[in-house]
Amino acid sequence: MKHFKHLTKPYIVWSFILIVIPLLLIALYAFTTGGNAVKILEFTLKNFIKFLEPTYISVFFKSVKLGLLTTGICLLMGYPLAYFISRFKDKTQDLLILGVTIPMWINLLLRTYAWLNLLADNGIINNLLAMLGISPISMMYTDFSVTLGMVCNFLPLMIIPIHTSLRKMDNSLIEAAYDLGANRIQAFRRIILKLSMPGVLNGIVMVFLMSISTFVIPKLLGGGQYLLIGNLIESQFISVGDWNFGSAISLLLAVIILISMRLMKKIDPQED
Amino acid sequence: MKKRFIILMAVVMSMLLTACAGGNSSGESQTGTGRTGGATLKIYNAGEYIDMNLISQFEEEYNCKIIYDTFESNEVMYTKISSGENYDIMIPSDYMIERLIKEDLLMPIDWSLITNKDNLLPEVMDLEFDPGNTYSVPYFWGTVGILYDTTVVDEADLADGWNLLMNEKYAGDLYMYDSERDSFMVALKALGYSMNTDNKDEIQEAFDWLVKQKSVMSPIYAGDDIIDNMISGNKSIAVVYSGDAAYIMSENENLEYFTPEEGTNVWYDAMVITNTCQNIDLAHKFMDFMLREDVALANTKAVGYTSPVASAFEKMKNTTFAGISAYVPDTSNPNNEIFRYQEQEIKELFADLWTKVKAQ
Amino acid sequence: MKKKKHIFSGLYIALCFIFFYLPIIITMIFSFNSSKSLTHFTGFSLKWYQELINNQEIVSAVYVSVTIAILATVISTVLGTVTAIGLSKSRKFLKEYLLNVNNIPILNPEIVTAIGLMILFSSIGIAKGYMTMLLAHICFCTPYVITSVYPKVRSLDPNLANAAMDLGATPVQALTKVILPLIRPGIFAGALLAFTMSFDDFVISYFVTGNGVKNISIIVYNMTKRTNPTINALSTIVIVVIILILLAVNIVPILKKSKERKFEG
């Protein structure tokens, strides 16, 4: 029995090298200058100060705004869907949830590319509009296309935890509420909504955190001028070559997210 | 439960086997029917910049394997090799070649091994960025200009030159290149400055011009996606390289190409060999191969860019790209310039400012 | 009243599903289009599938995606399960440390994990390529396995292994014949999750690869610049295979149960 605790040894080494050290390296680059080859080790806050410039702060706020918008839409669309699914028979629910999950399994790039097809200026939607006599709308490279891509991608992440919460709920509670004279709206607000809160919070956190740090969807559907935090980090590492600044932004992003997660855990101490 | 697992494994295994049957066992081979004939050549080129059949052809003729990677811009290429990635042959632009030479990253070319060197046009040789072509072998050349839809754009507006791109009439209807040097070139030339300036005031003015353009015109910053989009006529104006213009114009008759009077960038892309090249002999063979008349012809025909090989240039000028002005670079305008090397400080300034333009 | 409710909810669900599946269905339909057009279906043709098979680059990429997903799944499942079991018997301090470290790849934005690994590989001087991609995948898959298996291990009776060994089993036998079968659902869920995360991955693969090694995501990302119906063909194949796997995994046990019920009835 005691032998078993040694089983963790490989992962201790592994996780240290591949999880802890990379983070330390990011921190190292963030606090130094001197480029890719860390030959010059002068500690400085220059990179963080650079991020405080108005242009970059606006990138941050743009990402947060988009994240909130995506999360909001996912919540508005996702909650009803999760609720309606939970009203069906168990077997049907399984099938419906499977239907919701399948797109998540399909490679992100392939799914986003599929949207490219649909939204292109010479794509199907515009073609249909043309047939109806409406002039084509330029949908690509806009806030609309990016938000659409994000919502479509993250909606399952909102639906599944909410549905799990709703499913676990004891139906007799609702029966009891009706017996005690509550109407449908009251029953919904006081019981169903309250009990599904853990799932809702879970969904909100997941969708929000993923949407503020995404970079593929904005790049493909938004074009070069769509610069969110993820794109900013990517450009620093891939084309600009300022690894120090890029690391500083990454570190900030990671810290902000970790703090948000901690706060979320405080509001809802339930462990998933 | 066990049955479920077995089924899952079976399906996954069959997927693996199918992929195996079609693919290569090494998993690292990139293109063509290339065989494992010993030698490997790693090539780093711009995207959409070669006829991919030529890669397979070379692999077959010389019994080798080519690993072919592409970059979106010279800056991306430079950052990648700075991060430790090694290639044998790269195909950057003039100013980037100047930088690579200055930083001692290239190996001199042994011209005695380039048997096809007499095929080259004299005007692409011995230029300021690499005197005597010590380090580079010409690949393609051309200009940067404006591609426009003749059915939408007013002839009279063309007199504005680069400021056509600031004409509110066409707001929301244009593409700019997502490349710091090219975009700043447009702004600097529109303001009458040199594209190689290191005067910080001029650069700041150019920055302001670009920021204004972004708010007034809402341009889309694109890369190679310009090509299919302009062919489909999705927008009316685009800043493009002459080669892309030639290709696009051969597919869409409504489009025309012009280079403004204020002057534009004349560029030369060339093949270079890196210091880390493993197989110098094979590298020279590849460069020689690209200068072969039939190969150069196939390449320029497929991609649309102007060939540095005389016979291919003449043939394309008179047949496939006849009447397409973009194919014949107009180097006569004295205001035209070649990009030159930028000091690190200026390079970083440009990169920073360009990020800020996009972030507006 | 009830019928009205069902119609409304059914309609809403249908609309949502259309929203999810429309791009996928269009992609699949147009993969059979005989022309390059995205708008007009000019005729039925398998030519894009033909081009797909002939395109060595794409086929290699599929090979890379699949093999890395399988290898990463197997290795991370083993590593994760073993660690989860060991965790349950560890001291509190170690448990806290490992669980927190384990959460980092899950909570961190993908791009931060990717950057960290890229810097690590550059600093150590490992040539980026297949191996680095595999290591990176194992790195981010294992935490998911651990979070799937660990709760199951915790729910076991802590004395089970002891009891087995009292009855004469070796530690290895106690592990394989007693503990593993009981946590099998967790292992299976973890493995499935690991496979999805690996197969779907783009960001991390993009930053840690080199030497021309590309997976499906990277190839598609490079190809999005030009209109490429071959990608539609690739998408269709991937979609069909995934749907088949998921259906097999989920429907077969349902069929089995109804068969058993038939026997009993």
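Helices, as the term is used here, are DSSP runs of H or I with at least four residues, numbered from the N terminus. The model under view is predicted.

**First stop: helix H5 of chain C.** Select residues 110-124 of chain C, which form the 15 residues of helix H5. From first C-alpha to last, H5(C) reaches 21 Å, close to the 21 Å expected at 1.5 Å a residue. Colouring by burial shows a mostly covered helix, with 13 of its 15 residues buried. Next, select C:Gly125, which follows H5(C) and has a positive phi, near 95°.

**Second stop: the contact between chains A and C.** Display both chains; the contact takes 66 residues from chain A and 62 residues from chain C. On the side of chain A that touches chain C, the elements giving two or more residues include helix H1 (9-30), helix H3 (54-86) and helix H12 (243-267) of chain A. Select H1(A), which gives the most to this side, with 13 residues. By residue type, the side of chain A that touches chain C divides into 47 nonpolar, 15 polar and 4 charged.

Select strand S1, residues 40-46 of chain B; 7 of its 7 residues are buried, so S1(B) is largely enclosed by the rest of the structure. Finally, select strand S3, residues 89-90 of chain B, which pairs with S1(B) in the parallel sense over 2 bridges. There, B:Met90 of S3(B) stands opposite B:Tyr44.

Definitions and conventions:
Residues numbered from 1 in each chain as written. Chains lettered and ligands numbered in written order. Predicted model: local features only at pLDDT ≥ 70, side-chain atom pairs only at ≥ 80, totals over all residues. Contact = placed C-beta atoms within 7 Å. Nonpolar A, V, L, I, M, F, W, Y, C, P; charged D, E, K, R; others polar. Expected span 1.5 Å × (residues − 1). Buried ≥ 20, exposed ≤ 12 C-beta atoms within 10 Å, placed from the backbone. Pairing = 2+ DSSP bridges.
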